[in-house]
Amino acid sequence: MQVTQLLWDATRAWRPAPNNADSTDAQLVLLFGDRPTLSDHALVIDALAALWRRYPCAAIVCCSGGGQISGVDIMDDTLVATAIQLDHGTVIAAATTHAPKENSADAGARLAAELPTDGLRYVMVLSDGLCVNGSALVRGMTAALPDSVTLSGGLAADSGEFAATLVGLNEVPVSGRIAAIGFYGERLVVAHGSLGGWEMFGPDRLVTRSVGNVVHELDGQPALALYKRYLGSFADGLPASALLFPLCLKAHEGAETGLVRTVLGVSEIENSMTFAGDVPEGTCVRLMRTSREELVAGAEGASAVARRELGGVEPSLVLLVSCIGRRLVLKHRVDEELESAFDAMGSVGVFAGFYSFGEIAPSEPEGFSALHNQTMTITALAER
Amino acid sequence: MSESRSATAFDALHPVLARQLRRHLRGANATSVPPDLLRLITAVSESYHDADDERRLMASTIEATSAELVDRHERLEISERGYRELFESNPWPLLVCDPATLQLIAVNATAVERYGYDRDTLCALRLDELSPDADAAALYACVSAVAGASNHPSAARNTLRTRHRAAGGCVIDVDLTAQQIAYDGRRACLVAAVDVTDQVAAYRAVRAGETRLRSIFDHAALGICEMDVDGVILETNPAFQRLLGYSADELQGRALTSLSPSDDASVTYSSMRELAAGRHDTFSVEQRFTRQNSASIWGSLTVSRMDLDGGSPRLLALLQDVTEQKELEAQLTRQAFQDSLTGLANRALFRDRVAHALARAARSGGQRLAVLFVDLDSFKTVNDGLGHAAGDRLLVTVGNRLAGSMRAGDTVARLGGDEFAVLLEEVVDESEVLDIAERALAAIRSPIQVGPSEVFVGASIGIAFGCNATSADDLLRNSDVAMYAAKGDGKGRCVVFEPGMHERVVERQQLEADLRPALERGEFRIVYQPILELSTSRPRGVEALLRWCHPQRGFIPPARFIGAAEETGLIVPIGRWVLEQACLQVAEWRGRLWDLDENGETDFTISVNLSGRQLRDDDLVDDVRNAITRAQLPPSMLVLEITESVLVNEVEMQTGRLEMLRALGVRLAIDDFGTGYSSLSYLQRFPVAVLKIDKSFTDGIGRNSHDVAIVRTIVALAGTLHLSAVAEGVEAADQHEALVEAGCELGQGFHFARPVEPAELERILESWPNAWTTTRVGAVSAPPVP
């Protein structure tokens with residue numbers, strides 16, 4: 001397996017990053033960029049053309065993010081392309097458009113059905129982050145895919161705003177697209193680790209009124225009022241500052257872990273909070289908090305898990321899908337999580353990825369993939 | 001990094017860092033610091049800021065969390081106090097105990113108060129120590145069941161009615177509810193004890209009352225039945241079940257009306273509906289009920305409505321067996337309207353029927369109706385002769401025959417004694433009625449078997465028609481008068497009422513009244529009619545006949561008064577007088593009018609009529625003997641004439657008397673022979689010497705071969721039995737000739753001579769040739785003397 005990473009520079013050309021070997025037989029190019037840049041139609045076409053000149057056989061998957069990962073750096077305002085060539089396997093890419101009021105599970109199932117299951121080992125999914133119900137999408141894809149297949153990926157993001165997210169396959173990326181890339185090959189090694197670094201605190205609370213991913217009341221009290229109390233002076237920074245207190249959805253009252261749900265927005269009028277994922281009524285939840293050290297430690301931990309799972313095989317591609325929320329908390333120290341992850345991986349592998357609106361990764365207790373928030377998800381790929 | 005930028009960066013340095021810089025890098029400023037170091041310093045400053053932010057955030061988090069926890073704690077405390085209050089101040093005594101040991105763990109204030117212990121003492125007790133010994137076992141069972149139960153809520157609760165003893169020893173009835181709960185982190189049993197002493201007492205009182213009422217219901221002799229508002233039986237008492245012969249189950253659910261025949265039931269049904277609708281409160285009715293064995297009884301039913309609190313009303317039925325009363329009533333009714341002997345209608349009913357028939361006739365334009373008044377002839381003979389029992393049987397038989405002669409719709413009644421009456425409605429005309437009356441007469445005339453004897457009665461029937469009467473009494477009286485007339489006319493016949501009959505009856509009654517003193521007043525005469533030998537016209541005897549010369553009314557023929565004389569019994573003294581006079585008269589003639597033979601005897605006879613009444617008279621034999629003795633008449637000259645029907649009737653009873661008469665030497669003639677039912681044995685037994693052939697045969701002998709045959713037969717019979725035959729009522733020469741040809745020896749009638757006074761008779765006899773010639777010539781012509 002050979003992985004090459006290129007950066008789009010001001011001259012509107014792809015520049016190889018200093019630490020990469022080149023390969024012209026790449027089957028897949030992951031093209032991550034910020035939403036404004038990917039919205040530039042002409043630019044994108046130029047970039048795609050240039051890529052195809054280099055890698056004529058490649059399927060190019062575009063995805064917008066809130067910061068693009070290249071090695072241990074975060075790139076904003078530019079495009080990062082990662083070219084992948086499997087020596088002993090193949091790649092099949094598919095995409096579907098999510099209809100406006102469609103059940104995202106149906107879309108996921110539809111998409112997954114386009115990937116032949118014979119020899120399928122790993123599916124990377126990159127989805128629109130605003131009009132797709134990530135939880136449902138993952139449910140739909142999981143149900144349609146064989147249990148042995150690892151599913152990971154993420155929801156495309158906007159840079160700090162919630163205007164639009166763009167995904168595309170061999171095309172100029174647009175809203176409402178979902179792309180899935182199937183990796184085939186017996187010799188493929190897929191390892192995964194995901195960790196948040198968030199701690200639950202405070203009393204258990206009951207979601208007493210919610211609709212889908214909009215929470216109105218916790219324990220009979222308006223959810224927004226609760227958040228403002230906890231944010232104190234930071235309440236001025238809502239909705240962004242709500243990222244400081246994601247919700248942990250517990251399976252039951254005594255559970256010690258659960259799914260993290262990050263706040264996407266608030267409504268002063270309705271006193272409600274919109275989360276990046278369903279929060280059903282009756283769910284037992286607790287507030288979570290963290291510190292920068294803990295977040296960084298989380299990233300480090302996720303990487304360590306993935307490395308262990310590799311079982312001594314050196315990773316070629318390391319896909320990191322982190323969360324916008326983490327970046328906003330870490331602020332300028334965000335590169336620390338990348339550095340610590342890189343160190344924990346053994347300082348090997350080409351690191352690519354983006355900061356997303358939601359991470360898709362195997363969920364620890366069950367093993368099925370789920371939608372996570374505020375979590376560093378690391379998928380390491382190699383060929384034996 | 002530009003100068004302006006670095007200047008700004010320094011200004012924005014974290015105060016702590018700025019202070020540190022000032023201390024450790026004196027004189028450092030934006031321009032003196034190399035760019036790399038400036039970047040480092042900026043990064044560090046940002047870290048310091050970040051640290052501050054984190055601390056601030058942590059502080060607000062801790063504050064918010066604490067506030068929340070305090071708030072929750074307070075709310076929990078309030079809630080706890082509230083729940084505590086619910087326990088303590090609960091109006092029912094609440095006790096918490098260990099389910100295994102029954103040791104009390106907690107009690108509420110009400111329990112403390114109710115049981116009379118102080119709190120500590122009470123909590124030191126076990127639950128079963130509150131129970132009297134007898135009730136402890138049930139308590140264990142109740143609590144154990146709860147303690148051992150699974151977590152299912154309903155299984156973890158148990159109730160028990162038991163007794164508890166308070167501190168002072170007072171025992172109360174309690175309803176315990178034991179419930180499994182978690183208390184203080186462990187399984188416990190919550191017991192609520194409700195004092196139900198009053199309820200239990202009240203319940204017992206109600207039960208006692210119910211038992212008493214139930215007992216009354218069960219033991220009442222009257223049949224009681226409870227029904228729903230539609231008359232469907234809900235419950236019955238034993239008396240009701242016995243009355244109808246059904247079991248309680250068989251009765252329940254049936255409609256009361258289904259136990260009666262449908263005619264009776266339909267009236268009751270509508271009454272019950274009225275009752276249920278509230279139009280009255282009660283009703284009573286007598287109707288029939290059908291028992292389980294299909295027997296029918298009469299029941300007196302009283303149904304009332306019971307209005308209960310809530311729900312629809314019930315109906316209460318009381319039932320009594322009145323079958324006997326009904327029977328009695330029917331019997332009394334029958335008695336009131338029925339003649340007990342014959343079963344026919346009695347006078348009262350008959351009169352009522354007649355009145356109704358008249359009214360109907362008046363309404364519908366006077367359809368013909370008639371009343372027959374039937375009086376038996378010679379009933380007294382039988383009654384006095386054969387006894388009252390025989391008389392009763394006779395009346396019954398007559399009643400049956402009378403009824404049998406009538407049509408289906410006619411009413412036959414016995415008015416009393418030997419009087420009957422018949423109401424004939426819708427008769428077409430008079431002849432129809434007469435036919436019916438004749439039929440009745442014939443039926444009654446037939447021989448009636450009374451024990452070993454055969455008797456004969458006749459009847460006299462008076463007929464009255466409705467058109468002649470204005471009222472029932474009127475009609476009855478008319479028919480009575482007509483009957484009377486029939487009697488007077490000779491009995492054994494029908495007479496139709498005519499206006500004016502009354503007068504005749506009155507007249508007859510007057511006649512009877514006059515008859516009484518007539519003998520004393522010498523108003524009677526005896527006339528004599530000769531009896532001749534038909535072949536020679538030689539007088540052979542005379543018949544004495546009675547005549548009455550009433551001072552006002554003149555000559556009254558015997559047909560008019562003989563009946564009355566017989567009925568009144570006056571015939572006895574009159575008959576006695578006739579006998580005497582006739583014997584005396586003949587004795588007087590004997591010496592003058594005819595010769596005697598060498599023995600001093602003659603074959604001349606004097607016939608005197610004898611009535612049944614005379615025959616019944618005890619003094620008859622003496623009277624006869626006196627008469628012939630006084631007249632010094634040879635007994636063989638006296639012939640007593642008795643009509644065939646009288647003889648037949650009297651012969652049984654008067655056998656002795658007749659024998660005595662035979663012993664006297666007098667002879668009997670059977671008058672009106674051929675019209676009755678005489679038996680040949682009588683002719684043998686008794687001193688019958690003469691058969692007098694009834695006038696009716698003499699009448700027909702000239703024209704009617706049938707009558708000729710009869711006459712011949714009678715003559716032959718007489719010859720065989722060595723009797724004389726006398727033809728009565730010879731009125732024409734051809735009859736005379738025919739009789740001679742038939743071989744009849746003797747005859748009498750207008751053809752020869754009418755009945756005449758003695759002086760006239762003498763003259764007639766003297767004027768006849770051969771009148772007095774005796775048979776001295778030879779014995780050939782001497783009639784054999786029986």
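In chain B, strands β6(B) and β7(B) run antiparallel and are joined by 3 bridges; helices (H or I, at least four residues) and strands (E, at least two) are DSSP runs, numbered from the N terminus. Within this pairing, B:Met227 has B:Ile233 of β7(B) as its bridge partner. The model is a predicted one, in which local features need pLDDT of at least 70 and side-chain atom pairs count only at pLDDT 80 or more, while totals for chains, interfaces and linings use all residues. Residues are numbered from 1 along each chain as its sequence is written, chains are lettered from A and ligands numbered from 1 in the order in which they are written, and side-chain values use heavy atoms, with hydrogens and water left out.

The two strands belong to an open sheet of 5 strands in chain B, with the order β7-β6-β10-β9-β8 and antiparallel pairing; two strands pair if DSSP finds at least two bridges between them. Because β7 (233–236) and β8 of chain B each have a single partner strand, they stand at the edges, and one side of each is left without a neighbour in the sheet. On average, neighbouring strands of this sheet are turned by 30° against each other, direction ignored. Axes here are lines fitted to C-alpha atoms, for helices over the stretch in contact, and angles run from 0 to 180 degrees between N-to-C directions.

Two helices meet this sheet. Helix α10(B) packs on the sheet, touching β6, β8, β9 and β10 of chain B, and its direction makes about 150° with that of β8(B); contact means heavy atoms within 4.5 Å. Helix α11 (residues 323–337) of chain B lies across β8, β9 and β10 of chain B and runs at about 120° to β9(B).

The buried residues of α10(B) are B:Asp264, B:Ala265, B:Thr268, B:Ser271, B:Met272, B:Leu275 and B:Ala276, where buried means under 20% relative accessible area, exposed over 50% and partly exposed in between (1.4 Å probe, protein chains only). Seen down the axis of α10(B), these residues fall within an arc of 135°, so they line one face of the helix; the arc is that of the directions from the helix axis to the C-beta atoms. The face turned away from the buried side of α10(B) carries the exposed residues B:Ser262 and B:Asp263. After α10(B) comes B:Gly278, whose phi is positive, near 90°.
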